[in-house]
Amino acid sequence: MGELKSTKQKLDEMFGITDGKTVDDFLDGLNLDAQKIEDTMSSIDDGVKAQMKQIDECSKGIMENPGDSVLQIKTMDDSLKQVEDLVVLAKGIFKHIYESVMASDLIDSELVQSLANLMEGIHLNIQEFISLYRDKANFVNKIKTLVFQQQQKKELMRIKHEYDMEKLKFKDGP
């Protein structure tokens, strides 16, 4: 019986199970890590949605008050940068899960299957985030172009007005 205990202890040590924990405790800990990953992905998803909403609000602000367009465009650029950072974070989580599975000596088909499903979900989220990012980046670029064109028109109108005023001075002139 003592030999069985030492073999069990050796196996526990090999799997990194210490302090009187059982294999079930170890696997439950892995499930908790999966839950933490799902919670993190959920918060990333919420963050992406919040930034997309911020971009939409800024575009409405530009239409309602064109005088603040530079500030609104800066806010939209910042929101796009934050979405980009969230995508990089999601990719890091995906890579971490992959490396954890590859480095683990414990190969449990159910665990690998559940992590594969989790990775598939993360992949789909990343794909959606990138698609949203591209769409919003194109939208922001169009708004920037429209604002720039509007500023050019205003500048041309100002120059034309100055020119017309000079013509009037010379006409009424000496």
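In the predicted model, the buried residues of helix α3 are Ser-69, Gln-72, Ile-73, Met-76, Ser-79, Leu-80, Val-83, Leu-86, Val-87, Ala-90, Ile-93 and Ile-97. This helix covers residues 69–103, which amounts to 35 residues, and the distance from its first C-alpha to its last is 51 Å, close to the 51 Å expected at 1.5 Å a residue. Over the 174 residues of the protein, 23% count as buried.

Helix α4, which runs over residues 109–172, has 64 residues and reaches 93 Å from its first C-alpha to its last, close to the 94 Å expected at 1.5 Å a residue. Its buried residues are Leu-111, Leu-115, Leu-118, Met-119, Ile-122, Ile-126, Phe-129, Lys-136, Ala-137, Val-140, Ile-143 and Val-147. Within this helix lies Ala-137, which counts as buried because its relative accessibility is 16%, under the cut-off of 20%. The C-alpha atom of Ala-137 is separated by 10.0 Å from that of Lys-81, although the two residues are 56 residues apart along the chain.

Lys-136, one of the buried residues of α4, also takes part in a contact with an aromatic ring, since its charged end sits over the ring of Phe-139, 5.5 Å from the centre of that ring. Pairs between aromatic rings, by contrast, come to a count of 0.

The second largest pocket has a volume of about 210 Å³, and its lining is formed by Ile-62, Met-63, Pro-66, Gly-67, Ser-69, Val-70, Ile-143, Leu-146, Val-147, Gln-150, Gln-151 and Lys-154. The elements that each give two or more residues to this lining are α2 (23–64), α3 and α4, and α4 gives the most, with 6 residues. By residue class, the lining of this pocket divides into 7 nonpolar, 4 polar and 1 charged. Among the lining residues, Ser-69 is also one of the buried residues of α3, while Ile-143 and Val-147, which likewise line the pocket, are included among the buried residues of α4.

Terms used:
Residues are numbered from 1 along each chain as its sequence is written. This is a predicted model: local features need pLDDT of at least 70, side-chain atom pairs count only at pLDDT 80 or more; totals for chains, interfaces and linings use all residues. Side-chain values use heavy atoms; hydrogens and water are left out. Helices (H or I, at least four residues) and strands (E, at least two) are DSSP runs, numbered from the N terminus. The expected span of a helix is 1.5 Å times one less than its number of residues. Buried means under 20% relative accessible area, exposed over 50%, partly exposed in between (1.4 Å probe, protein chains only). On a 1 Å grid over the protein atoms alone, a cavity is a set of points where a 1.4 Å probe fits but cannot get out, and a pocket is an open set with protein on both sides within 12 Å along at least five of seven lines; lining residues have an atom within 4 Å of a point. Grid points are joined across faces, edges and corners, and a volume is the space filled by probe spheres set on the points. Ala, Val, Leu, Ile, Met, Phe, Trp, Tyr, Cys and Pro count as nonpolar, Asp, Glu, Lys and Arg as charged, and the others, Gly among them, as polar. Rings of Phe, Tyr and Trp (its six-membered ring) pair if their centres lie within 6.5 Å; planes under 30 degrees apart count as stacked, over 60 as edge-to-face and the rest as tilted. A charge sits over a ring if NZ of Lys or CZ of Arg is within 6 Å of the ring centre and within 35 degrees of the ring normal.
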